[in-house]
Amino acid sequence: MISIVHADAARTASALQRLLDLALVWESPGGLRPLTGVADAMRGMPGLASGLRPSSPEPAAAADIAARLAELSPAATAMLRHVDEHGGEGTTGAARRTVSPAEARTPAEELLSRRLLVPREGSTVVLPGEVGLALRGGRTTTEPVDRVPELATASRDAGLVARSAAGAAFDVVRRVELLLDQWSVRPPGVLRSGGLAVRDLKAVAAELHVDEAGAALVVEVALSAGLVAEAAVADGTPSWLPTDEFDVWSGRPISERWARLVGGWVTSARVPSLVGSRDAAGKAWNALAPELSSGLAEEARLLALRVLSDLPDGEVLAAGTGVASLVQRVDWLRPRCPRVFSDLVAAALSEAAALGVSGAGGLPPSGRLVAAGDLTGAAETIAPELPRPVDHVLLQADLTAVAPGPLETEVARRLHLLADIESRGGATVYRFTSGSLRRGFDAGWSSVEVRDFLHTVSQTPVPQPLEFLVDDVARTFGSVRVGHAEAFLRSDDEAALAALVHDPRARTLGLRLLAPTVAIATTPLDVLLPRLRELGSAPVVEAADGTVRVSRPDLLRARSRRGRRPAGAVEARQTAQVQAVATAIRAGDRAESSRPPTAEATNPSAALAALREAIEGGTTVVIGYVDNHGATGERVVDPRRLDGGRLSAYDHRADDVREFAVHRITGVRRA
């Protein structure tokens, strides 16, 4: 057995002894056998097809299998290797199952005719274990299983790695701050199913000058850090609002704010990388959705950072191939993890770069402390590397302002309210427009306050074009007023309309005169009309073109009762019932024909042993079974899996795979 494992013989022997010590493998007269349930626990996991146990009851000789493989066409050989690499199972499609090698016309028929693929129920085919061994050159795997995958690396200056990470860390802190400042005054609503709407996520991306994936990461990190929560606004609408912790967080140094965000990201089960993709049912994943989480996310992030921290200083992941090599290393370290774990690891590396945990493909000293779980030390380490904020800008005559570095928090907030970011980089360029200045006036600023702020924050004189723009916006601001109204009232009798507006009984209607002959109401039209009639008026509804239309009430109708089913549907249902009865009778006849002359009671341990043998040999058995009503009967089944006190088997009577409680099985015999 050790010779067919593609690994060092000493390591294989040590691993086998470890399995024996853990009682996962036991010695039987026929050789070493795995404990019951081990194969089921490993089924469906990537790269865990051992090939040690042949699936055929009577396996062919190795020389015979090699001769059959030599007769295959290149297409059939490629198909066989594809089946071997993807779990050893496949489907035949339209291929014929009972053909000779000379009559085979397709690659699938070539494999079926030479018994290199064995058919099972339906259109499923399996690759026998002995064929898989021959296909892999007599080994369990094509590649050595004890060889640790190498990381693809490149050399890079450690200072550049630290500066790149610090720049990304400063950006993510500033973006979270700007996002929550905006949501403080204009919070987005919560979807009925939970989460953030797509249009709101696009608005965040436009506001922060990032793509939608980057916007999703920012809002998810804010949620994981406890800075965002769902709450109701004044009108009771559920919305996403900053929490009380945001005010405390905003007053701390940038390094501590970054550590809070990173700590929430590392320990969170949220999966921001899924935002925008679709689930198995075709439904798109929304940011902040409750179900956007995975129990493997935290382990994937920690393991990715720890593997990356194994690189020495001056070594980073190579561009293009580095991430893939690290994913292969993680797959080797965690072979039992599902395939989605690899996607989570790749996403963790991308998110770490966006959050400033890593930089230029490597971990700076602060990132290594994050991987070790020391967030306080990481904050202290990254603090000297963070850009020094400035408190001034340079105003220019083309209505732009140039910030020669990252601005202080309060200056950045105010400038972001009055101007739009035009470009980012070493120096951020802001542009003043009528719309951007109007945001300041909408927030309650006056023209004097705008002028004072510009004079205070600029190290250059305020250009005359910018002063003219501020005056023009201030002059036109508020020239048009907007209010809320549900309906309007128009009458040529000014006295009657004024008396109606001032009537104490009409106080709850919210009436207000706009002109001597026009009034508005805050009450909906369907409520306003009957109330006006109660007050003695005789109102009519005016159409959009000014004409009066009196409409008759809609006629109400009830749905007619459905008639009898058509004759074809009744005949089809009867035919299906007859087929079900015939299938049950045939299964009963088969069970009766296999009944032994004398029935013997079977104890539970013997029944379990017989079921395990049937599963391993792929044989059909007859079980005695007590149903939920206490009635005892017999079922002809093909056992598939035995786990957790339940037997999963193909029931010939029901023509489907069903589960049976083991404690209800009274006996087992071969069919």
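Here are some worked exercises on helix packing, cavities and backbone angles in this structure.

The model is predicted, so local features need pLDDT of at least 70, side-chain atom pairs count only at pLDDT 80 or more, and totals for chains, interfaces and linings use all residues. Residues are numbered from 1 along each chain as its sequence is written, and side-chain values use heavy atoms, with hydrogens and water left out.

**Exercise 1. Find how α11 and α14 are oriented to each other, and which residues make their contact.**

Step 1: Helices (H or I, at least four residues) and strands (E, at least two) are DSSP runs numbered from the N terminus. Helix α11 covers residues 254–266, and its axis comes within 11 Å of that of α14, with a crossing of roughly 170°. Axes are lines fitted to C-alpha atoms, for helices over the stretch in contact, and angles run from 0 to 180 degrees between N-to-C directions.

Step 2: Angles under 35 degrees count as roughly parallel, over 145 as roughly antiparallel, 65 to 115 as roughly perpendicular and the rest as oblique. α11 and α14 are therefore roughly antiparallel.

Step 3: Trp258, Val262 and Trp265 of α11 make the contact with Ala348, Glu351, Ala352 and Leu355 of α14 (contact means heavy atoms within 4.5 Å). By class, this contact has 6 nonpolar, no polar and 1 charged residues. Ala, Val, Leu, Ile, Met, Phe, Trp, Tyr, Cys and Pro count as nonpolar, Asp, Glu, Lys and Arg as charged, and the others, Gly among them, as polar.

**Exercise 2. Describe the largest cavity and its lining.**

Step 1: A cavity is a set of points, on a 1 Å grid over the protein atoms alone, where a 1.4 Å probe fits but cannot get out; lining residues have an atom within 4 Å of a point. Grid points are joined across faces, edges and corners, and a volume is the space filled by probe spheres set on the points. The structure holds 4 cavities of 30 Å³ or more, and the largest has a volume of about 50 Å³.

Step 2: Its lining consists of Arg270, Val271, Ser273, Ala297, Arg301, Leu344, Ala347, Ala348 and Glu351.

Step 3: Sorted by class, the lining has 5 nonpolar, 1 polar and 3 charged residues.

**Exercise 3. Examine phi and accessibility at Ala23 and Leu399.**

Step 1: Most residues other than glycine have a negative phi. Ala23, however, has a positive phi of about 65°, and phi of Leu399 is near 65°.

Step 2: Ala23 sits in the loop between α1 (9–21) and β1 (25–28), while Leu399 is in the loop between β10 (394–395) and β11 (400–403).

Step 3: Buried means under 20% relative accessible area, exposed over 50%, and partly exposed in between (1.4 Å probe, protein chains only). At 46%, Ala23 counts as partly exposed; at 22%, Leu399 also counts as partly exposed.

How values were computed: On a 1 Å grid over the protein atoms alone, a cavity is a set of points where a 1.4 Å probe fits but cannot get out, and a pocket is an open set with protein on both sides within 12 Å along at least five of seven lines; lining residues have an atom within 4 Å of a point.
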